Number of protein chains: 4
Amino acid sequence: MAADTKTNVAVIGATGFTGEKLIELLLGHPRVTVSYISAKIDKECAFSEIFPHFKGRLDIICKNLDMEEAVSKAQVIFLALPHKISLEIAPFFLKKKKIVIDLSADYRFKDVAVYEQYYKTTHTDSANLRNAVYGLPEFYRDAIKKTQLVANPGCYPTVSILSTAPLLKAKLLENIIIDAKSGITGAGRHASLAYHFAHLHGNLFSYKPFGHQHLPEITQILSDIAKTKVQLRFSPHVIPAERGILATIHGQLTKAMDIKELNALYTQCYEHEPFVRFLGQQLPQLKDVIETNCCDIGLQTEGKNIVIVGTIDNLIKGASGQAIQNMNIICGWDETLGLL
Amino acid sequence: MAADTKTNVAVIGATGFTGEKLIELLLGHPRVTVSYISAKIDKECAFSEIFPHFKGRLDIICKNLDMEEAVSKAQVIFLALPHKISLEIAPFFLKKKKIVIDLSADYRFKDVAVYEQYYKTTHTDSANLRNAVYGLPEFYRDAIKKTQLVANPGCYPTVSILSTAPLLKAKLLENIIIDAKSGITGAGRHASLAYHFAHLHGNLFSYKPFGHQHLPEITQILSDIAKTKVQLRFSPHVIPAERGILATIHGQLTKAMDIKELNALYTQCYEHEPFVRFLGQQLPQLKDVIETNCCDIGLQTEGKNIVIVGTIDNLIKGASGQAIQNMNIICGWDETLGLL
Amino acid sequence: MAADTKTNVAVIGATGFTGEKLIELLLGHPRVTVSYISAKIDKECAFSEIFPHFKGRLDIICKNLDMEEAVSKAQVIFLALPHKISLEIAPFFLKKKKIVIDLSADYRFKDVAVYEQYYKTTHTDSANLRNAVYGLPEFYRDAIKKTQLVANPGCYPTVSILSTAPLLKAKLLENIIIDAKSGITGAGRHASLAYHFAHLHGNLFSYKPFGHQHLPEITQILSDIAKTKVQLRFSPHVIPAERGILATIHGQLTKAMDIKELNALYTQCYEHEPFVRFLGQQLPQLKDVIETNCCDIGLQTEGKNIVIVGTIDNLIKGASGQAIQNMNIICGWDETLGLL
Amino acid sequence: MAADTKTNVAVIGATGFTGEKLIELLLGHPRVTVSYISAKIDKECAFSEIFPHFKGRLDIICKNLDMEEAVSKAQVIFLALPHKISLEIAPFFLKKKKIVIDLSADYRFKDVAVYEQYYKTTHTDSANLRNAVYGLPEFYRDAIKKTQLVANPGCYPTVSILSTAPLLKAKLLENIIIDAKSGITGAGRHASLAYHFAHLHGNLFSYKPFGHQHLPEITQILSDIAKTKVQLRFSPHVIPAERGILATIHGQLTKAMDIKELNALYTQCYEHEPFVRFLGQQLPQLKDVIETNCCDIGLQTEGKNIVIVGTIDNLIKGASGQAIQNMNIICGWDETLGLL
């Protein structure tokens, strides 16, 4: 694409937390124009009527999805939808030769049975699934460059995988327990007493300590990276914050390693990555990654015991920012465009 | 009532913020037993199933309202309901000689036309309205003692009236503007995106700066106390907090007064009141009244200009605590029972 | 002591979070009078001048400590002090036959070397240490009854021990990792940028993932209860909340157990305890224990893997409430006095 | 300055909330390089050591101020200092022909006596004061273009002036009371129990309801804009939020106006302003301006009574963003550079 023309992009599912943040980031991206947005809404209206802070920045109408119109208006289609819905509409866009970046779980699992078990639904598009690439640039950049369909990673998987992959790749980590803490936007924008300010303010709780749907995503990808079957435990929590995930990873080294070796391992893995910041023995603060596309990682050890702490903004590196990073890669642009 | 037997009380509307807090306070009250609770619910179940922190403290079933059963089980009936519903059920309880403490607005307005204008409904019980007493003990204690029906004050009116009445009674205050700030529980327990943690965290907004339904309640009662028609402006806000109201009252003294005179006026008015704390020129902090039945008041002046700041816990002095205070008065008990 | 006279109590260290909360709870206790309070302060003044919400409830002067005066005024002495200071003053009170309830770590470790290693100071009172009893009523009630010196447990240890002891006593739990999350009051009342609202709001961080001073306290007591050396990992976090600790305990059962057996084990252990609520497979919400002396516990399993979640209010069951519970036991009063 | 070279800028006072945010914004500005930063610090170190989220983005050393070095390294000097300190160092930079943008109050008052009364210090630089321009672009753009010394407006004044100036210019507003609510960063980065998370969480308070130092700044500038002496009342509050100011302005119209006329007046005043968004009768939500350089304004009326609500991010439009806007104007760049 020529440097002086802009690429038109569509956001399907524009009114969720993810869709809204995606649009905000796209508006600051120098190479794209947001040309079509849709959401399930009762009354079609200007996006800035729903979100007044977009006034003067994006005044196009947010409509119920019309796939033909989306196709006619955009080259890149972002799907910021609940799982299962993507399965229904991605095939059409792919057939029309559009680039599709799907933020749902629908194309993340190579093993359909795992998807069907955890998402309690039938997978109806194994054809495209074969060509989908898991959009974690730090480990799948080359494949992303060539794909037409990105399965954008989940929020917990992003931080969990980035925090442990260097050690797992070298088969140096075992007995892994991921204790993750997430702000409430991770649960999506739904009217519910469970998300009521008066309920969450000053509150904290554990949920799905076994069997969370992000567990198989984490193990599948880590197994692929480590080239051996990885098993681990994953246990998430909701904290009284709006944004961000901090994952505390408790594990054991398979052999004694000093801090220098550990630092070298992580530095080597990530030193050329624009969005991973390895802090050495300093443990990251959640707040430092909010409103960034960064994953911060720090670690400490005692004997063979290790604690690794990773942080991301769930809406950015954990969703919309990473989606844009993937678009940048596919389009051959500077990977950091619109993300600094 | 004999000191050694307990009085049975019912809470109708048990699952709202107000009903829940009322039950919590009643469980700590030495003279009552919570014998009947109801709410609009899909599936009747133990109250402690809905609110686990009541486990072992109140395990009776929360049912859909059966008025006959309530009558058979309780002597005092608290109505913690949306306005208009009280009108439909209070007459039955009153006929059955029960004491009714209504936390809605339905019996607060002596002038039915004002009620109908602000609450956009028809008042259907003028018979009982005549006998209702406005349950602000600091100004209507004697009448409360003798009534069978208490109209428990609204939250904004409670703090607004208590903060200004001493000056207004003496005709010393004019050009009053009340700028009130409330935690989100003031809006009731409803699933809504407007009350979502992610929306309110770090947020603040003004609403209904003219025409809020608590405005005519404030002016009606202050006019009655001041024995002259009081007019003022009232403008509320929602703050990112769960509980409490802080009202900043901007006004002008009708004559120059020094601090000593002002202190004497407020002290004289409230020195025997168990739940009003006059702080002199120290302005109250919202947090100091949370989980108390107290109204804290402080004031400062510059020439004839005065700023009075009042604070209450909207769920306690602004609703459930004051309701219990009213019950204590009617039953002839120590007014502070269950409230310290 | 006669039922109709009140016992005088002193709080040394009255202005910390713990001291303030202790005084608040003691003011609601029917059998005691707060007769002496002290703190390290520049200017002696009424306690209600420092904390206005005590106005009218406690107006005695808060002084710099005068041990003779404290002895002359009180029968029970609460020490809410930083560690090491208790060592310097407890011996005097004990010699004067006072009951001493020490909220610091100074008398918690039977092994002085462990104390000295973790608290980086010398232990100077091994004489009294011998007679000190660890004040966790659920496991040391009989010894507490007879002691003159209570070492009140730390906040993290209280919830960690209560959550795991039933399984450890039966030697059914191993490979334990405690991932704990605490509100900021756990760090004490200090002016620091690290505790600034703007720093913590929306933040979360891990600290001391190895070597936290509560780790040896947890393992010492659990080893004593389990009658075998217990080892585990303990890793704390600060969450953006004021109060409360939620401990997520990841472990493995030493043999397969079904839910029924687990429920029976915990129920049997705690069914007569007034302040432990076992919720079965429902995981506790932090908020439900705030402002209570309760520890809520829930658990879930998958195969031999188990996650136990425990919650307490760090200032109450984790400090001041438990201190009062210990006083009640020593004085032979109802253990729940002042705590419901 | 040539479009292809970057201008070097210095930030003096880099570690306050304002300095930190200023640097963050400057790093995203396409025409400048942050070439010198200083603060009062014990140990000089890389800025990213103090604030890890700057790692890889700004790694220059943060030193104690050396004015000669600053002069040699930068063309534009931002002073993000407590008042009075600017007075001591600005003259040197001005003599060296640097552009100085002072974020303190030191050059905001044309009447030195007012400054000295409210800031309780002596003004020592009336020479430069004469040439200083009040940096509110919406009303002083032409003068800013030509000045070497900008007195960047205070946070409360920015929102208060922008919200009322259209009406005051037309002499249509009187009896003005500004009830302002600010997040805690407005108080600066200081370690204090008053700013402790545990104190502010769930809290709210009024302070300096008379005599706040921003009052004379507001009236001075509004009088200048209105070409008549403006008097008003100003009363600020701290809310439990990190960022942002919402000002509720209660006033009276001097003549009856319908909504159409009001909308026309504000629209005409601000329609070409890039950073003022007039929302008509919709009242702004604080959150919508956070992380933006915008001031949102809405208003409602009842008869001649009017409530105007204005919002800004105190650290951006109320400080650092506006400082950059002023730099853009002086340098002849697009006014929105680095601010969208």
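1. Helix 7 (residues 137-146) and helix 12 (residues 316-331) of chain D have axes that come within 9 Å and cross at roughly 40°. Helices (H or I, at least four residues) and strands (E, at least two) are DSSP runs, numbered from the N terminus. The axes are lines fitted to C-alpha atoms, for helices over the stretch in contact, with angles from 0 to 180 degrees between N-to-C directions. Helix 7 of chain D and helix 12 of chain D are therefore oblique to each other; under 35 degrees counts as roughly parallel, over 145 as roughly antiparallel, 65 to 115 as roughly perpendicular, and the rest as oblique.

2. This is a predicted model: local features need pLDDT of at least 70, side-chain atom pairs count only at pLDDT 80 or more, and totals for chains, interfaces and linings use all residues. Residues are numbered from 1 along each chain as its sequence is written, while chains are lettered from A and ligands numbered from 1 in the order in which they are written.

3. Helix 7 of chain D contributes P137(D), R141(D), I144(D) and K145(D) to the contact, and helix 12 of chain D contributes Q325(D), N326(D), I329(D) and I330(D). Residues are in contact if their C-beta atoms, placed from the backbone, lie within 7 Å. By class, this helix pair brings together four nonpolar, two polar and two charged residues. Ala, Val, Leu, Ile, Met, Phe, Trp, Tyr, Cys and Pro count as nonpolar, Asp, Glu, Lys and Arg as charged, and the others, Gly among them, as polar.

4. Chain A is assigned domain 1 (7-153 + 318-330) and domain 2 (156-314), with bounds from an automatic or database domain assignment. The C-alpha centres of the two domains of chain A lie 25 Å apart. Contact between them involves 18 residues of domain 1 of chain A and 22 residues of domain 2 of chain A. On the domain 1 side, two or more residues come from each of helix 5 (112-119), helix 7 (137-146) and helix 12 (316-330) of chain A. Helix 12 of chain A gives the most, five residues. That side has 11 nonpolar, five polar and two charged residues.

5. Chain C and chain A touch through 30 residues of chain C and 31 residues of chain A. Elements giving two or more residues to the chain C side include strand 9 (173-182), strand 12 (245-253) and strand 15 (305-312) of chain C. The chain C side divides into 14 nonpolar, nine polar and seven charged residues. A rotation of 180° with 0.0 Å of shift along its axis superposes chain C on chain A (RMSD 0.0 Å), by least squares on the C-alpha atoms of residues with pLDDT of at least 70 in both. In chain C, P240(C) has the C-alpha nearest this axis, at 3.2 Å. Both copies use the same surface, since 100% of the contact residues of chain C recur in chain A.

6. Chain C and chain D each give 14 residues to their contact. Helix 9 (residues 197-200) of chain C supplies the largest share of the chain C side, three residues. That side has eight nonpolar, four polar and two charged residues. Chain C superposes on chain D by a rotation of 180° with 0.0 Å of shift along its axis (RMSD 0.0 Å), the relation of a two-fold axis. The C-alpha of F197(C) is the nearest to that axis in chain C, 2.0 Å from it.

Key: Two residues are in contact if their C-beta atoms, placed from the backbone, lie within 7 Å.
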